[in-house]
Amino acid sequence: MIVTIDGPAGAGKSTVARKLAERLGFSYLDTGAMYRALTWLAMREGLPLGESDALGDLARRNPVTFDEVGRVFISNTDVTSAIRHSRIDRMVPVVARHHEVREVMRERQRELGHQGNVVIEGRDIGTVVAPDAEVKVYLHADPEIRAARRQAERPDIGGDALATDLRIRDASDRVRMQPAEDAALIDTTDLEVDDVVSRIEELIRSRSLATS
Ligand code: CDP
């Protein structure tokens, strides 16, 4: 079974997806980490971030891998913490918007996602990467709450700068951020992580019953 969790930054995707996968005994795929890793590598190589073909090529030559505890690797380097820096937050949509990059990434995501039961998290998973997924969820939340959540993860950046960063990133990601028509929309503004996870579990139960 494939469960997709899409939505904007700070809506709670990563925490919810990780916890859900743990509870269900499913594997977990963080597609944002893949775009982040490629951005990290492009910046290390000094590659201009407007060069579609070169970036697509870089992605093809350097597949992102995850180990069993979720560490992220690219080009033989553990980039797990490096890809969470605000520098990467800002540049990743610039890299992720190239068609050439997305083609390579989506193919790899389908490959990684078709190995048994999995929770896949991202922006375009329910719509493009896994349109046939059995359960699709789209998480959203008020912008102030999303900025506050992100602030807890990035204590080095001021609240105003963070809110601005999120707004800019939302604008660049907008075209890829549409919920799938058959996705369940969950507003996480006033919900605890466990509540969101339980709602999704409920959804999975009802879908499984409906198809059995
Ligand atoms: O956790 P957060 O929502 O901040 O971001 P992320 O899921 O780590 O994704 C980082 C960036 O990668 C997003 O802002 C998008 O630009 C891009 N992304 C994408 O284009 N498609 C995906 N499936 C996942 C991420």
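I began with the shell and found that helix 2 gives the largest share of it, four residues. Helices and strands here are DSSP runs (H or I, at least four residues, for a helix; E, at least two, for a strand), numbered from the N terminus.

The model is predicted, so I noted the limits: local features need pLDDT of at least 70 and side-chain atom pairs pLDDT 80 or more, while totals for chains, interfaces and linings use all residues. Residues are numbered from 1 along each chain, and side-chain values use heavy atoms, with hydrogens and water left out.

I counted 20 residues around the ligand, with R36, R102, R150, R169 and D173 the closest; to be near, a residue needs a heavy atom within 4 Å. By class I got six nonpolar, three polar and 11 charged residues in this shell. Asp, Glu, Lys and Arg count as charged; Ala, Val, Leu, Ile, Met, Phe, Trp, Tyr, Cys and Pro as nonpolar; the others, Gly among them, as polar.

Next I looked up polar contacts (pairs of N or O atoms within 3.5 Å). A polar side-chain atom of R36 is 2.6 Å from a ligand oxygen. For R102, the distance from a side-chain N or O atom to a ligand oxygen is 2.8 Å, and for R123 it is 3.1 Å. The ligand alone exposes 530 Å², and the protein buries 99% of that (Shrake-Rupley method, 1.4 Å probe).

Notes
Polar contact = N/O pair within 3.5 Å; in protein donor to acceptor, adjacent residues only side chain to side chain.
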